Amino acid sequence: MTLHSPQFEARLRSAARRLIRENAQLRREWKRAPRTPLVRQTAVLVIFRLLCAFVLAAAVFASSEAGLVWSTQSAIGAIWFLASAILLRFRILNTFYRIDYLAAFTVLPTPTDVVVRWNWSRVTRSAWRTGLDAVAILSAMAVTNAAGVGGWLAVLPLAALLTALVHALAVWLTFVPLPAVLNLLPLAGIVAFVGLVEASAWREWLVRFLAEQSETISIALPAGWVLRPYLAWLTSSRLESLALLIPALGLGASLVWARRQLANHYSPFAWALWHVFQMPPEEWKARFDEFLAAQPAPPGRTEILDSVEKREFLQPSFKADAGGWIERRVLACLTPREWTVIELAFFAIPRWTRLALIGSGLLAVSILSAAIAKRTTDPSIQAIGTWTSIVCGAVGGLVLLPLNTGFKRMAQPINAGGILIPFGALFPVTMKELMRVAAKASLVRGAFALPVMVVGGSLLGLALNTSPGWAAFAAAKITLLAVASTPMILALNQSSTTNDTSIVTFRALPVVGAFLAGFIGFVGLGVGSIFSPLPWSIIWIMLAAGISAGMASLYGELHARRSFDLMTRPKET
């Protein structure tokens, strides 16, 4: 079947315009309807991508003006395109497993291979973003290294290879179970980079780090397999680096195989269950089969009426002793009403204890890697240990801390009569109740994470020969800030699927400004509390918690009235 017919759509739009012109009431409704023209959306996207490409090229020029070694330029690009691959990985999954599209395909006689081809066409249309970044950095390298005609002629072929390499890496990463919070790592990296550049002491450390580790970064990260040989060719040095083009060509060519593997493993219905119930398809099916097997034989009409009168079917689905230590402590803190709310928010017992143990293990690996890197004289082991410590520490902290509330199921979009609404809107649950349950869960998770972060921070300080007391205190403040951010994060999650502003109006502008100011204030107070002495840091954390609670309270009130939404409006399918 045909999923996209331009001729039919053109005839349909023409007929709709004719009906609107002939009917005065339809014409008035059409004028009142909020619209965001496609041209405006495309222009904003293109301008934003041009700005990103400009920032990437500017970083290359800055490294050249600072007199850093030429491999620093390839290291910058390698880090940039690794972040691009992570973002593209989440974009591919979002494209293939959008619930509104899957709901449409379930009622259409659409073969899976047709759905796969249609989704791949949508992913392929976004390849120009990576290609634009590749052209920008290769052109900047050509300018800073005085490339000749051959160097400029190689820009477009290498940009195509780099684009294919990034897309292949992104597709292979879809088979790796990465936490959704990693989607924020590129943004966190930009914020951290700006902070490092603005602070003179950190700027010197950043320059020294890039100068010392650029060789390792360029070889370890896939994008460096294209950028480093290009720089070696332009500078006529380290020509043995041209051999890196062989694995680069192999990874780029594996894009065809990666796409075929994703198509073979693609199961829209199973992934829809995973998306809605936050559980892998096989485990969901196993639990459902176990539940059906445990059910008694179908009762007669009298037995059904007796069961309804006794309200036996209203027993809690979560057992008080189920799950790990964190789950049991959270359930023990809930009232009967809150117990019902958490059962709606989670299809099964959450896995907070498991996440905490994984995060603690990654922090232990980070500390061990930092200690090895600090006490060895081998440059390669130092580089590997440093990067392992950074990556494991960042990922371990994100997994351990209660930054991911786990209550996103209540905000998951579901199709209701062609309009996307939050899953929680189907039940008589207020935002205040949901935030109260999330706050209790966050406090228990924070109570578990606090001693782990304090001990981990002090050990990391000892491993790096810095003040263990300051490191432990900073880790404790980061934990408290993570707990304080729970109301704000939950409000933003809920905001992603509620209505009703699609454009900024004079009515919405003050609220948008208030939310933006609150978010900037929370981030500013959080950063200030980490680097402030004890009396002031506690004050900053309390103010940040007040801002987070205030933003959640304001949004909850507006959400209850259905009078404002911060991000998007429902989409018609």
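Tutor: Arg49 forms a salt bridge with Asp133, with the closest N and O atoms 2.6 Å apart. Keep in mind that this is a predicted model, where local features need pLDDT of at least 70, side-chain atom pairs count only at pLDDT 80 or more, and totals for chains, interfaces and linings use all residues. Residues are numbered from 1 along each chain as its sequence is written, and side-chain values use heavy atoms, leaving out hydrogens and water.

Student: What makes Arg49 and Asp133 a salt bridge?

Tutor: The rule asks for a side-chain nitrogen of Lys or Arg within 4 Å of a carboxyl oxygen of Asp or Glu. Here the closest N and O atoms are 2.6 Å apart, so the pair qualifies. Arg49 sits in helix H3 and Asp133 in helix H7, so the bridge ties together parts 84 residues apart in sequence. Helices here are DSSP runs (H or I, at least four residues), numbered from the N terminus.

Student: How many salt bridges does that rule give?

Tutor: Five. Another one joins Arg337 and Glu433, at 2.8 Å from N to O. Arg337 is in helix H18 (residues 336–345) and Glu433 in helix H21 (residues 431–463), so that pair links parts 96 residues apart in sequence.

Student: Why is Glu433 called buried?

Tutor: Buried means under 20% relative accessible area, exposed over 50%, and partly exposed in between (1.4 Å probe, protein chains only). Glu433 has 14%, so it counts as buried. Arg337, at 39%, is therefore partly exposed.

Student: And what makes Ala146 exposed?

Tutor: Its relative accessibility is 69%, so Ala146 counts as exposed. Ala146 is found in the loop between H7 and helix H8 (149–153). Ala146 also has a positive phi of about 50°, although it is not a glycine. Most residues other than glycine have a negative phi.

Student: Which residues have the most contacts inside the largest nonpolar core?

Tutor: Phe81, Ile92, Phe96, Ile137, Leu138, Met141 and Tyr230, in a core of 56 residues. A nonpolar core is a set of buried Ala, Val, Leu, Ile, Met, Phe, Trp, Tyr and Cys residues joined through side-chain atoms within 4.5 Å. Helix H9 gives the largest share of this core, twelve residues.

Student: How do you know what Ile137 is in contact with?

Tutor: Contact means heavy atoms within 4.5 Å. Leaving aside neighbours within four places in sequence, Ile137 is in contact with Leu56, Val60, Gln73, Gly77, Phe81 and Leu227.

Notes. Helix = DSSP H or I, 4+ residues; strand = E, 2+ residues; numbered from the N terminus.
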